[in-house]
Amino acid sequence: MAFDEGFAADQMKKLMPISSAEFACPNNKCEEKEEEEGVRIMRDLGGGSSVVYLPQFLTCEKSWEYFRYLDEHIPWSRPTFHVLGKPALLQPRDVCYIASKGLKELVYSEYTPYAHSWDDYPPLKEILQEVHKAFPGSHFNSVLINRYNSGNDYVGWHADVHEKLYGPTPEIASVSFGCERDFFLKKKSPPPPPPPQVVGEKHHFNLKHGSLLLMRGNTQRDWLHSVPKRANAESARINLTFRRVMQMSSSSS
Ligand SMILES: O=C(O)CCC(=O)C(=O)O
Ligand SMILES: [Mn+2]
């Protein structure tokens, strides 16, 4: 993952809390009807980038089970980043990293998270299996887990570009539990000199409890994504981003 939290912090000055009545922080009660079961929304972003959104990837009840398990059992940490010449920056959410053995090491903002073992968290293996079932042919071998304790926690604009780790066109499967949050995608600016500037193309998903969003193709190369602060996100959200990381010995695949 190639977070640029310094960049994210700069961007956050522009991402002040916005009130919105459009999303809900459900408590742990589930409606009887599972209305969006099997729904798959495909969005072609152009230029070989696309996303697929499954609003009800997992049932509401099962998703709460996973939420409670992860909330209690994951060894969460909130690292501090020291970017040269900038004040120390506390990552604005709790994180944890799980990865198979023998993979290249994840490093971002000079921070190397400890790679915990899948074997210690059987429910994560179950979710991984479900992701693989939903997208046959995918082979994720790591997951970066985020916990947003309130609407004050966020992830700023970034792309998970790290060719040596993920290859040129990484797929990222993002599973969400708990409080719904806005997820935005915006097109990267073309490299300078910019004219004519491409402006404004933006996509939005309201990431629901039990949903899965898959980003694929050139999405990391050409687009940025974020989960901004939200004043009325009253409770916690847990997000799992499954990724395929290259083996330590391989240089390209
Ligand atoms: O929480 C989310 O939906 C996105 C998280 C994300 O982009 C990341 O971990 O790289
Ligand atoms: Mn990301």
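Which strands each supply at least two residues of the shell around ligand 1? They are β7 (142-148), β13 (223-227) and β14 (237-243). Helices (H or I, at least four residues) and strands (E, at least two) are DSSP runs, numbered from the N terminus.

Please keep in mind that this is a predicted model, in which local features need pLDDT of at least 70, side-chain atom pairs count only at pLDDT 80 or more, and totals for chains, interfaces and linings use all residues. Residues are numbered from 1 along each chain as its sequence is written, while chains are lettered from A and ligands numbered from 1 in the order in which they are written.

**Around the ligand**

Twelve residues surround ligand 1, and the closest are N146, V155, V227, N239 and T241; a residue is near the ligand if its C-beta atom, placed from the backbone, lies within 6 Å of it. The shell has six nonpolar, five polar and one charged residues. Here Ala, Val, Leu, Ile, Met, Phe, Trp, Tyr, Cys and Pro count as nonpolar, Asp, Glu, Lys and Arg as charged, and the others, Gly among them, as polar. An unreviewed UniProt entry places the feature "binding site" at N146, Y148, H158, H225, R237, T241 and R243; UniProt positions are given in the numbering used here, feature names are shortened, and annotations may be inferred rather than shown by experiment.

Two of these annotated residues deserve a visit. N146 lies in strand β7, and R237 lies in strand β14. Leaving aside neighbours within four places in sequence, N146 is in contact (C-beta atoms, placed from the backbone, within 7 Å) with R93, V95, V155 and N239. With residues up to four places away in sequence again not counted, R237 touches Y148, S176, F177, G178, C179 and R181.

A residue is buried if 20 or more other C-beta atoms lie within 10 Å of its own, exposed if 12 or fewer, and partly exposed in between, with C-beta atoms placed from the backbone.

| Residue | Other C-beta atoms within 10 Å | State |
|---|---|---|
| N146 | 22 | buried |
| R237 | 25 | buried |
| D120 | 11 | exposed |

**The eight-stranded sheet**

An open sheet of eight strands has the order β1-β2-β12-β9-β14-β7-β5-β6, with mixed pairing; two strands pair if DSSP finds at least two bridges between them. β1 (41-46) and β6 (115-116) each have a single partner strand, so one side of each is left without a neighbour in the sheet. β1 runs antiparallel to strand β2 (residues 49-54) over five bridges, with I41 opposite Y53.

**The four-stranded sheet**

A second open sheet, of four strands, has the order β8-β13-β10-β11, with antiparallel pairing. Its edge strands, β8 (155-158) and β11 (202-207), each pair on one side only. Strand β10 (residues 181-187) and β11 share six bridges, and F183 is partnered with F205 in β11.

Key
Contact = placed C-beta atoms within 7 Å.
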